[in-house]
Structure formats: C-alpha cells, structure tokens
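Me: I'd like to learn how to read a fold from its helices and strands. Could you walk me through one?

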Amino acid sequence: MTEPSSISGEWVKRTIKDFIATSLLNTMEDKTGEPAWDQVLVGFASGADPLWQQYKEYVGAFHWTPWEVFNQHLPEENVSAEQLTVISWVLPQRKTVRDANKKEKRFPAEEWARIRVYGERCNMALRHHLVNRLEAQGHPALAPMMVPNWTIVKSARFSYASSWSERHAAHAAGLGTFGLCDGLITEKGKAMRTGSVVAKLSIDPTPRPYADHHAYCLFYTDGTCGKCIDRCPARAITEAGHDKEKCRQHLTLSRKHVQEAYGFEGYGCGLCQVKVPCESMIPVKKARIALEKGELPPPPPPIA
Ligand code: SF4
Ligand code: SF4
C-alpha cells in the first residue's frame, strides 16, 4: 500500500497502535505469552506551547524545550518551535499486572518488574519505530530519551531531574495531570508508562482538558485520599509530596529482590500506582465526567 505523503494525527495514532498490536517485542518474556501492553493513548502538543518554557524555568536550565533538543541534534533542519509537534503516548498497565502488584507490600510483583524491563524495551522500540516511520515520510524526528546527551542531574529543588521528562510531555499533550506521588494520572489511571517523539510536523495539539496540573488528584482537589502515602514502603510520599531520593534508594534495593526472587536483571516498585483510587481511572468525578463529555476548562490567563 502506498504511504500517505502528508501525515495526519490519525496516521501517527495508527502507526503507534499498529506497533503495539503487532510487534514481537510487545511481550512479558515469560511462559504466559502475554503482551506487555494492549492499549495506548496518544496526544499531541505544539513545539511552541508556552508550557515548555514554563517547565524549563521551573525545573532548571538543563531541562530541554522540544526546540532545544531538536535543534541540538538536527541543526541542519533549521526549524522554528512552531514547526515542531511533540507526539506523546501512554501505555496503561494491564489488569493482570496491576492485580499482581496490588498484593505486594515491599517489592514489585514479578509481572510488574517484567514490564519495567521488557515493557520498557518495547516502549524504546516504539520510539525508534515512530522516528523511522516519520523520517521515511520526510518528517525528521527524534526521541529525546534516546539522544546521547539525555541525562539526569542533581537538583536542589527536586533532588534529581532529567533533561526531558516523558510525564511532562504527556501532560503538555493533554494526557494527564500529576498526583501527590508525582505520577501522571491519565484517563486510564496512573499505572502506566509513557514515551514521546519530537517531529518536524504540523498536527493540531490535543486540547488539555484541565486548567490545573493537579486536577485529577483527590488530595489536591478536595484534600481527601492520600492512599498512595500508605502504599509506599519507603515512606517516600507524605502530604508534602514525593521524596525522590527515598524512592530512588528503594528502587536500588528492589534490584537485589528482582534478581533473587525472579531470576532476571531488573527493578521497579510502583506500589503507589496500584490499590489506590487513581490506579486505572481519573478519581475526581467532576474531571472524569468533563473529560467524557469533551468539556474543556476556560483557557488559562496569558503569561505575563
Ligand atoms: S492515591 Fe489519591 S492522593 Fe495519591 S495520587 Fe492518587 S488520587 Fe492523589
Ligand atoms: S514512591 Fe517510589 S518507593 Fe514509594 S511506592 Fe512509589 S515507586 Fe515505590
């Protein structure tokens, strides 16, 4: 079949969904033969969205805008921010994987650890695949998580932070808002992984169905819940938020457990992502109904 010469948002969504449906890398790598993923949500954000600059100002100078990362690696394209689209996707955890992790109290279930390793390997392959497909159509592209100078740096404000955040890209692309534990709550919940690609491509941005970056978390919207606090074995979540350093130390401990208990190299935790109201849905009823009805909040005031 002849490929379309001009790429639409629907073409991009189909390319991503087809990969998840057919890739041999979409596997748990265990005897069940089950896939790592069976659904995907896709959103788009403009490279000129003011949110990118706001992220940079909040996180630090090392945090890239889409234009910065694109221009560093593909300078010959000489693009403006307006010519770029960020394609972001969310891969929700399957119910069997969530149910397995619900039973755990300290370290991840084997299924969850497998997703962290083999599900992310598939996610990485999806980034590659989408870049290749876009380039074959004449749209230069890159995956910020795969460029050689992507890095994590120590940060006074956040303990550590990276030069590109998949969760923040998903937030910009209308796919979710942040919870007390720092996870991104999407319409399929917080138990998920994300990915993104920046492309020289014009696609209408996905409208953000929220005005506030915490709109889907019960704790921030009405002061209730806090269930993720009790789920964390490392006491890394409090009413003040998520302590990344404590979380990181616990993830390091989990490596030994995964090797000894399950017999492969891996790590993970995600206990705060399951057995909580935001596990597989938006728990804030008003926000959930607004999304179902396609209602949008009033636009935010212009940035001074
Ligand atoms: S468990 Fe409750 S408090 Fe924690 S992120 Fe989810 S909705 Fe917010
Ligand atoms: S905050 Fe970190 S250590 Fe705590 S439950 Fe979540 S992933 Fe695990």
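Predicted model: local features only at pLDDT ≥ 70, side-chain atom pairs only at ≥ 80, totals over all residues.

Me: In what order do the four strands of the open sheet stand, and is the pairing parallel or antiparallel?

Reply: Residues are numbered from 1 along each chain as its sequence is written, and chains are lettered from A and ligands numbered from 1 in the order in which they are written. In general, strands of a sheet pair through backbone hydrogen bonds, either parallel or antiparallel. Here the order is S1-S2-S8-S3, with antiparallel pairing (strands are DSSP E runs of at least two residues, helices H or I runs of at least four, numbered from the N terminus; pairing needs at least two DSSP bridges).

Me: Which strands stand at the edges?

Reply: S1 (41-46) and S3 (141-142) do; each has a single partner strand, so one side of each lacks a neighbour in the sheet. S1 pairs with S2 (residues 84-92) over six bridges, and Ala-45 sits opposite Val-86 in S2.

Me: At what angle do the axes of H4 and H5 cross?

Reply: Axes are lines fitted to C-alpha atoms, for helices over the stretch in contact, with angles from 0 to 180 degrees between N-to-C directions. H4 (residues 95-102) and H5 (residues 110-136) have axes that come within 7 Å and cross at roughly 125°. That makes H4 oblique to H5 (under 35 degrees is roughly parallel, over 145 roughly antiparallel, 65 to 115 roughly perpendicular, the rest oblique).
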